[in-house]
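Hi,

Here is the structure I promised to pass on.

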Amino acid sequence: MSDAVDPFEAIKVVFFQECDELLGDLETGLLAIEQGSADNETVNAVFRAVHSVKGGAGAFGLDALVRFAHVFETLLDEIRSERKPCDDVTVKTLLRASDVLADHIAAARGQGAPVDEARSAGLVAELEALTHGEAVAAAAAEVEPAFTPVAATPIEDEDDFGFRPVAFNLADLGASAEPGAPAADAWRIVFHPHGRMYVNANETALLLRELSHLGEMTVELDASAVPDLDALDAEESYLSWTIDLTTDAGEAAIRDVFDFVETDCDLSIRPASAASEVAEETRAPADDFDIAALLARAQAEVAVAPQPAPEPAAPILPTTQSETAKIPDAQPQTPPIAQPMPQTPQTPSAPAAPAAVTIRVDLDRVDRLINVVGELVIQQAMLAQRVIESGLARSSGISVGLEDLELLTREIQDSVMAIRAQPVKSVFQRMPRLVREVGEMTGKRVRLVTAGEDTEVDKTVVERLAEPITHMLRNAIDHGLEGPEDRAAAGKPIEGTVRLAALHRSGRIVIEISDDGRGINRERVKGIAVSRGLIAEDAVLSDDEIDNLIFLPGFSTAETITDVSGRGVGMDVVRRSIQALGGRISISSTPGKGSTFTLSLPLTLAVLDGMVVTGADQTLVAPLTAIVESLTPRLQDIHYVGGHDPVIRFRDEFVPLIDVALGMGFREAPIAAGTGVAVVIETEAGQRAALLFDAIQGQRQVVIKSLETNYQQVGGVAAATILGDGRVALILDVDAIVASSRRRFVRHEATRSELKIAS
Amino acid sequence: MTEPTNVAARELIAFRIGEQEFCVDIMSVREIRGWTPATPLPRAPGYMKGVINLRGAVLPIIDLGARFGLRTSEPSERHVIMVAHVGGRMVGLLVDAVSDIIQLTDEALQPTPDVASEQVKSFVKGLFALDGRLISLIELDRIIPEATEAEAA
């Protein structure tokens, strides 16, 4: 996004954005097909998605992507036109193909690792096998097919290929690079532009010049079709050209030249050797037709074909292999392949189902709008406050007007926040692939059930949900679900179910990840916690507490470290990233029945649930998510470590007592012991501390304002907010406060020892 | 429209801190507002009065007098905050009063004499003499503390 200076790059960025959406559509459609809830339109949508990816990729010269998408699309076209059944095996293959397609796109984008060539090639083989409807089972393994199948393919197979006598037309625009096409050096191109091409301001001379850059060529003009002058339509096109081109650039490069005119002309591109065979159809002289020489030559070409080429793909241009396959019969009796007049198949660009009209807006603009609206809301509240203070009657025109204004402001705020809100679908959509891969890796059969994909939450939250959900799903499959044998033994269906659901609950979004696996083995969890020194050996813990032990740092129950669920970084990482979002995570588990993880997150990061407190006349806000409990400290509970560092007894545990106002320099002397209110907080690292304030004012949802915008980061302060009275209040960074009090403690120690030395 | 004599002319806002007069380029001042109590920031340098709410934005307030090392007074309602745009940020500059808008050419600007203290000299770009008054032109870029400086403080 950043370097949108180059217009070409900018378009490319848009293309990749569209790719993301198309991949989403693709996956959704395929899953619908898998579940049997697909209609024709779904299949069409899936086809269109792949086709659009291919079309765009072609424009950007992303050849690997085009090649793969083409094979993919070919099979989908077969299914779409109901020439091929869409059985279970096919859908599974298609799903895996969509994963590889995503890999190709990521690679083309420069993100992620290069595509696993073997996997890609394997899938190409599978797709092609499915397309040609043979050896479906065997094809999977056939990554390196010998050329023999082609040579051995008898002509009768042609029908089985579902060969359509379609050479080129609107629908196949861009259906160019047959992956297995050999790099022949000599090509014969027969080009007959329609009048329309000239209307569209294209010019043959320019095309020919372009073509001449590819290699050596000879051009022959066929003007035989030009009528007498009186019959001549000045705007019609009567000329055609036959071009013999010698190039090593391949068919795709040649086709690229005609990219923009392909719909407006009759075009045939074929290796020179094969071209003569269909010469009669294409108005080229075919005097030197020598089958034997031709056969030898074609086979020689095919033999050096650099790519595995199992069979010709169906609805594409006839290429060398198919020609070769026919030559043994040597019947140039109007082969159906080269009919210049194509049948019109369904156009892939058929009008799509009416999609929601959307616009792309720079996120900055939305944020600016949200900011201004936030200010409007605060200003409105302040104004209302002033009006009440001024003692105006409630029925006065001003008061009534203000009330209307308040309603409007609220509506504006809600609508503006809704702009940023996004369905969690974008995250959920990535998960089926993950589940498939993890399932394959662990050898477990897993079904992912999702619910509530349309639940909306702020964009920033959506973006940061992917990682914890990924982690937890992996965990659920790797640790939660049993292997097939164990499941069978336990009387459960062999296929495990993992459920991923999102819902709104009391102003927060709740994400549930549940599995029907074995549940948490509490004995083992406790054992591990004891052996790792995380809990005392004789600790008495409730089931719930034991379940929650898995969130402790350094806890990982996997006996063998697997690729799937990390190495020792476990649920504590998940918990930390959830807490960083102001969320909470909990687990409930029933042995033998499965476990459920529940994440609860704020709907937006723009507001925060806070506890408003005062310390030395300053109003401060402590994030509610960090607060464990608040209590009034009794004198007898406060102790002093080393004589001056106070700690307080909290549930049989001594936690440091931090006078926040003192630490922030708001007052000189510490608050009198035994007064004030202590708020026990827990840092993200799980450390507890009690923060001492003068008083608690109450809970409030506050709008987060950055201090860095106009100033800079301030130690101990996470951000600022504006309270109802219009004043700025600081939101505490409890982690930093605890950390800095610890540092101060250390410093105390240091100064004391220095003093000793000095004395 | 552009007259050659006007090229070097600039509009300045003059303000008072104690007995002294200063001025800044009018283009960098966004608005002038009355004093509102600021929320103090922890461990901030003494001239940082804290932050206030400027229509939803958090605006840091710098006591310009303290920043110059002059005497400081407890801000009251008679004090004024000049909201200025400095280096991509907005800051509020606390001054005693805004006195004038003056138009001067760069020729009238005199270099700061050596008698001034180093601290004052680091902010003062030059001096103007106007009707017998001495007005110092302030360089706002140096007003905002460097992040490192504040961290150390």
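One term before the numbers: buried area here is the accessible area, taken with a 1.4 Å probe, that two parts lose on being put together, summed over both. Please also keep in mind that this is a predicted model.

**Where the chains meet**

On that definition, chain B and chain A bury about 2,100 Å² between them. Carbon and sulfur atoms give 56% of that area. In terms of contacts, 26 residues of chain B touch 25 residues of chain A.

**Chain B**

Chain B has 153 residues, and 47% of them count as buried. Its exposed surface comes to about 7,900 Å², with carbon and sulfur atoms supplying 50%. The chain holds 10 strands and 3 helices. Reading from the N terminus, the order of elements is β-β-β-β-β-α-β-β-β-α-β-β-α. Taking the contacts in chain B between residues at least 6 apart in sequence, 55% join residues at least 24 apart.

The part of chain B I'd open in the viewer is an open sheet of 5 strands, in the order 8-1-2-10-9 and with mixed pairing. Which strands stand at the edges? They are strand 8 (97–105) and strand 9 (124–130) of chain B; each has a single partner strand, so one side of each has no neighbour in the sheet. From one strand to the next, the twist averages 35°.

Strand 9 of chain B and strand 10 (residues 133–138) of chain B run antiparallel and are joined by 6 bridges. If you want a spot to check by eye, B:Ala129 stands opposite B:Leu134 in strand 10 of chain B.

The side chains of B:Arg133 and B:Glu21 meet at 3.2 Å, N to O. B:Arg133 sits in strand 10 of chain B and B:Glu21 in strand 2 (residues 20–25) of chain B, so the pair ties together parts that are 112 residues apart in sequence. Buried or exposed? B:Glu21 is buried, at 11% relative accessible area, whereas B:Arg133 is partly exposed, at 29%.

**Salt bridges in chain A**

Over in chain A, A:Asp99 forms a salt bridge with A:Arg433, and their closest N and O atoms are 3.9 Å apart. That distance is worth a second look, because the cut-off for a salt bridge is within 4 Å. A:Asp99 belongs to helix 4 (residues 88–109) of chain A and A:Arg433 to helix 18 (residues 431–442) of chain A, so this pair ties together parts that are 334 residues apart in sequence. A:Asp99 is buried, with a relative accessible area of 2%. A:Arg433 is buried as well, with 18%; it falls in that class because buried means under 20%.

The pair also belongs to a network of salt bridges, which links A:Glu27, A:Asp99, A:Asp103, A:Arg119, A:Arg433, A:Arg436 and A:Glu437.

Another one in chain A joins the side chains of A:Lys492 and A:Glu482, at 2.8 Å from N to O. The two are 10 residues apart: A:Lys492 is in the loop between helix 20 (484–489) and strand 8 (496–505) of chain A, and A:Glu482 in the loop between helix 19 (459–480) and helix 20 of chain A. Both A:Lys492 and A:Glu482 are buried.

**Two backbone angles**

Last item: what is phi at A:Ala616? It is near 50°, a positive value in a residue other than glycine. A:Ala616 is in the loop between strand 12 (607–615) and strand 13 (618–623) of chain A. A:Asp617 is found in the loop between strand 12 and strand 13 of chain A too, and its phi is near 70°, again positive in a residue other than glycine. As for cover, A:Ala616 counts as buried at 14% relative accessibility, while A:Asp617 is exposed at 76%.

Cheers

How values were computed
Residues are numbered from 1 along each chain as its sequence is written. Chains are lettered from A and ligands numbered from 1 in the order in which they are written. This is a predicted model: local features need pLDDT of at least 70, side-chain atom pairs count only at pLDDT 80 or more; totals for chains, interfaces and linings use all residues. Side-chain values use heavy atoms; hydrogens and water are left out. Helices (H or I, at least four residues) and strands (E, at least two) are DSSP runs, numbered from the N terminus. Buried means under 20% relative accessible area, exposed over 50%, partly exposed in between (1.4 Å probe, protein chains only). Contact means heavy atoms within 4.5 Å. Accessible areas come from the Shrake-Rupley method with a 1.4 Å probe; for residues, only the protein chains shown count as cover. Two strands pair if DSSP finds at least two bridges between them. Axes are lines fitted to C-alpha atoms, for helices over the stretch in contact, and angles run from 0 to 180 degrees between N-to-C directions.
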